[in-house]
Amino acid sequence: APLETDAGALPPRTRCDTLAAMPKGSTARTGRSQIELLLQIVLDSLAGSLGMLVALSATSFFVPRLLEKGAAELYFHKPVSRTVLLVSRYFAGLVFVALIALVLVGGVYLGLLLVSGHGDPAILLAAPILTYTFVPIYAFTVLAGVVTRSSVASLLLSAFFFLFNGCVQQSWIAWQATTKGPGERLVREGG
């Protein structure tokens, strides 16, 4: 079948396959930029910011509930130190978030691969990056849970901590862009 440039004339699956097989042209770049925009929205916004807040709300109660009177005694027949309990709860929260990130990023990767043929394995790096980003935020959540012994206070303090650090990061990026200028970034990215 001849390659048609009118996107409405082809069924959706054929359009994606056609974009993947086309030479570097305006239509191929449009398809690639649409995929990059989709990845930016899904991985940066949904999984990054919103996903981090959801992960905090899902794990913020781990430590305060552990510290309730009689909660730990129900689980163990032999005495276990509070340090071991606290560290195990911390790592359990990290494993929980890492598995969710792996499923989310793996699903996005497989979906893009099956629908559009875009199989960039660098997408899979988002799962460990999301987990790595969650590590200090969850450490602050655990600290807030130990100090306040409240799930709500732990969640709110860690959400403010996350948002504050995001503002600091964005300010740093903006400051770097103004002091070094766009030419410096191009030299660094290009080689």
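Visitor: Which residues does Thr131 touch, not counting residues up to four places away in sequence?

Guide: Keep in mind that this is a predicted model. In it, Thr131 touches Leu94, Ala98 and Ala101, with residues up to four places away in sequence not counted.

Visitor: And where is Thr131? Buried or exposed?

Guide: Thr131 is in helix α5. Thr131 counts as buried because its relative accessibility is 16%, and the cut-off for buried is under 20%.

Visitor: How far apart are Ala101 and Ile129?

Guide: Along the sequence, 28 residues; in space, 9.3 Å from C-alpha to C-alpha.

Visitor: OK, α4 keeps coming up. How far apart are its end C-alpha atoms?

Guide: They are 50 Å apart. Helix α4 has 35 residues, so at 1.5 Å a residue it should span 51 Å, and the two values agree.

Visitor: Which residues in α4 are buried?

Guide: There's a list of them, including Leu85, Tyr90, Leu94, Val97, Ala101, Val105, Tyr109 and Leu112. Two glycines, Gly93 and Gly106, are buried in α4 as well.

Visitor: What follows α4?

Guide: Gly117, and its phi is positive, near 80°.

Visitor: Where else is there a positive phi, on a residue that is not a glycine?

Guide: Arg149 has one, at about 55°. Most residues other than glycine have a negative phi. Arg149 is in the loop between α5 and α6, and at 53% relative accessibility it counts as exposed.

Visitor: Switching to the inside. Which residues of the largest nonpolar core touch the most other members?

Guide: Leu39, Met52, Val105, Leu112, Ile123, Phe134 and Tyr138, out of 26 residues in that core. Helices α2, α3, α4 and α5 each supply at least two residues of the core, and the largest share, 8 residues, comes from α4.

Visitor: Take Leu112 then. What does it touch, not counting residues up to four places away in sequence?

Guide: Leu112 touches Ile35, Leu38, Leu39, Gly117, His118 and Ile123. Leu39 and Ile123 are also on the list of core residues that touch the most other members.

Visitor: Now the outside. Which residues form a nonpolar patch on the surface?

Guide: Leu110, Leu113, Leu114 and Val115 do, and together they have about 360 Å² of accessible area. In soluble globular proteins, nonpolar side chains tend to be buried together. Leu114, though, counts as exposed because its relative accessibility is 62%. Leu114 is in helix α4, which covers residues 82-116.

Visitor: Zooming out: how many helices and strands does the protein have?

Guide: 6 helices and 0 strands. Reading along the sequence, you get α-α-α-α-α-α.

Visitor: What share of the residues is buried?

Guide: Buried residues make up 27% of the 191 in the protein. As for the surface, the protein exposes about 12900 Å², and carbon and sulfur atoms supply 69% of that.

Methods: Residues are numbered from 1 along each chain as its sequence is written. This is a predicted model: local features need pLDDT of at least 70, side-chain atom pairs count only at pLDDT 80 or more; totals for chains, interfaces and linings use all residues. Side-chain values use heavy atoms; hydrogens and water are left out. Patches are made of residues with over 30% relative accessible area and no salt bridge: like charges are joined within 9 Å, nonpolar side chains (Val, Leu, Ile, Met, Phe, Trp, Tyr) within 5 Å. Accessible areas come from the Shrake-Rupley method with a 1.4 Å probe; for residues, only the protein chains shown count as cover. A salt bridge is a side-chain nitrogen of Lys or Arg within 4 Å of a carboxyl oxygen of Asp or Glu. Helices (H or I, at least four residues) and strands (E, at least two) are DSSP runs, numbered from the N terminus. Buried means under 20% relative accessible area, exposed over 50%, partly exposed in between (1.4 Å probe, protein chains only). A nonpolar core is a set of buried Ala, Val, Leu, Ile, Met, Phe, Trp, Tyr and Cys residues joined through side-chain atoms within 4.5 Å. Contact means heavy atoms within 4.5 Å. The expected span of a helix is 1.5 Å times one less than its number of residues.
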